[in-house]
Each structure stands twice: as structure tokens, then as C-alpha cells.
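Please open the model in your viewer and keep the sequence beside it. The tour below goes from one selection to the next and says what is found at each stop.

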Amino acid sequence: MRFLPSAEQREFARALDGVLTASDTPAVARAWAEGDHKPGRALWARLAEAGVFGLAVSARHGGMGLLPVELTVAFEELGRHVVPGPLVETVAAAALLEHLGAGAAAEEWLPRIAAGEALVGLCADGPYALDADAADAVLVVEGDTVRRAEDHGPPQASLDPARRLFRPRGGPVLAHGPAVAAAAAHALDLARLVTAAQSLGLGHALLAQTVSHVTRRTQFGVPIGSFQAVKHRLADTLIALEFARPLVHGAALALAAGAPSAGREVAAAKVAAGEAGHAAARTALQLHGALGYTEEPALSLWIRKARPLRDAWGTPADCRRRVLAG
């Protein structure tokens, strides 16, 4: 399969890149890590104006319908610019509510998600919810029940300070029954897809920063980028990212078409993109030398996010099992 973005999709990506470049996203991420959500909320509103969250909400609720391909385009840019917050969780929660047709909950939250007025967490693949302290609501899936958490525990340690993890507690039931499992599986596939897109964008950003560094940094009077070992490491990183890209885009097309193989394709894409993004972080760490181990340069924001994205919504082992399960 050959995937070529349409002119509208390419223009959408360029517009998002412009918005995010002008928003100083590293400063937003640092503030978010310190518990200051105001810059992140302001950026969230700009993303909503650009139509990002409406891509996961039906027209009935103020969105444009579930558009996995366009969401993939958007989340690649969000990963490239290291945007913090429960981005994946919010679009996955929207997909869950849409799939359930969850009555009053859908009527209450979906228009607010599309308008960028609500950050919604989702706990459906483990005990923790991302950024529950900043979210307006946290939905928790437990078997055949969906409830809205009423509280959460203290923050847990995380490799990425901008990914704050909390254990949700209690709350009223929003939906119950056999339809919940199917809706949760649908939300999980979407979460894995857009997380893979984030990993892909993050990996390309790390590669670009590393290439820039090795062309400036000199040893023995020449740029270290001229050394054969460095060239090979960068080439391997680029090949892994370029191999992952068609898998991510192909999975988006399969999910958009409702193909029976969509879950397996999404899982395969998640493995490839997550591993490629993580490899890009290791390459950046090694070739930046001591700079890669310090928090002062913005590079650390990308490096520290790579592994959590690789493991979020299904570790590589989990996703490989999904592929093999058929």
C-alpha cells in the first residue's frame, strides 16, 4: 500500500506546525511538568480552533466525525512538538462515548471535547490515568462498566515529568453492559494509533535535532557527522522511522474503513513506531554526549517522552501478542 497525504492533509499539517512553532511548546511542557496548566490550556484551545479534537467527535456533537487518518496527521505534529497533556486520552474517550452512544454523558462531554473546553482522561489499559489533576473528567473502564472517577490518588513517579500519572478512585457508573467491551476495544485501537503517530513525530524531531548537532560539533577539526559510525547510526534511525510511517498510515486507513484487520494493523504500527521513536532517543542521547544527559537543553523533553510513548496503551510485547492472536 502506498499512502500519500492529500493536499488538504498536508496543509493541515503545515498549519498545525505553524501554530505549535509559534506557541513555544518546550516552555509549555516544562510548565505542565511543574503543575502549571495555564499555558497548556491556552495551547489546547488553539488546537481545538484548528479542529484537532473535532476529528474524534461526530457532527451531531459539534465535530467532524471520527477521522483516523486526519488524527494521525495531527498527532504526528503534536509528537514532533512535544505537546503535553491527555491528548490521546481525550480523543480515545470521545471515541468511547461515541461508540457507546452514552446518553447524557455523551451529550455533556462530546460537544465540550470538540470545542476544546474539556480535557478528559481515560483509564482503560492499566491502573493509572494520565494528568488526572488537569482533566475535567476521568473515565474508567472496568470490565463491562464505565464510570466517571470522583477523585484520584497522589501523582506517581514517571520517567517523563510532563506525563503525570494518577490512580483514579470511585465515581458514578455512566454505562454498563456487553457493549462496553466493544466500545473500549475501539477506543484502545484509536489510542494506540494516535500514540504511534506521536512516537513517529517525536522520533523525526529527535533525528532532526541530532543531525543538526553532529554537523556543528567538531572533533579532530572536523564535524563528528562526517564519521562513518555516526552516519551509520543516523541512517539506521531514519530507516526505522521511514519503515514505521507506512504502517501507521496504513493502520489509520484500515481503522477508517472498519477493516477486520484494523486491530492487528494498529498493533503492528504501534510496535514499529514506538520502537523507532525509542531508538531515535537512544541515538540522540549517545550522539549529543553529555548534553543528552542534562535537563537544561530542550532535547531532554523529547528524550524522556520516547519510552513512555513506546509503552503507553500497550507495550511492544502486548502489541505483538495482538498481532499474533489474529
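Predicted model: local features only at pLDDT ≥ 70, side-chain atom pairs only at ≥ 80, totals over all residues.

Residues are numbered from 1 along each chain as its sequence is written, and side-chain values use heavy atoms, with hydrogens and water left out. Helices (H or I, at least four residues) and strands (E, at least two) are DSSP runs, numbered from the N terminus.

Ten of the 13 residues of H10 are buried, so the helix is largely enclosed by the rest of the structure; buried here means under 20% relative accessible area, with exposed over 50% and partly exposed in between, for a 1.4 Å probe and protein chains only.

Leaving aside neighbours within four places in sequence, Lys305 is in contact (heavy atoms within 4.5 Å) with Val82, Asp160, Ala162, Arg163 and Leu202. Following the chain onward, you find Trp313 after H10, with a positive phi near 60°.

**The largest pocket**

Rolling a probe the size of a water molecule over the atoms shows where empty space is left. On a 1 Å grid over the protein atoms alone, a cavity is a set of points where a 1.4 Å probe fits but cannot get out, a pocket is an open set with protein on both sides within 12 Å along at least five of seven lines, and lining residues have an atom within 4 Å of a point.

Select Arg163, Leu165, Asp311, Ala312 and Trp313, which lie nearest the centre of the largest pocket, among its 21 lining residues. This pocket has a volume of about 450 Å³, a volume being the space filled by probe spheres set on the points, with grid points joined across faces, edges and corners. Strand S1 (120–123), strand S2 (129–130) and helix H10 (299–311) each supply at least two residues of the pocket lining.

**The largest cavity**

Now turn to Gly85, Leu130, Arg163, Gln198 and Leu309, which lie nearest the centre of the largest cavity, itself lined by 16 residues. Helix H5 (87–100), helix H7 (179–216) and H10 each give two or more residues to this lining, and H5 gives the most, with three. About 110 Å³ of space lies in the largest cavity.

Which cysteine has the sulfur closest to that of Cys123? It is Cys319, but at 17 Å the two sulfurs are too far apart for a bond, since a disulfide is a pair of cysteine sulfur atoms within 2.5 Å. Cys123 is buried, at 4% relative accessible area, and Cys319 is buried too, at 0%.

Finish at Leu234 in helix H8 (residues 228–257), which counts as buried at 12% relative accessibility. Leu234 lies 27 residues from Leu207 in sequence and 7.4 Å from it in space, C-alpha to C-alpha.
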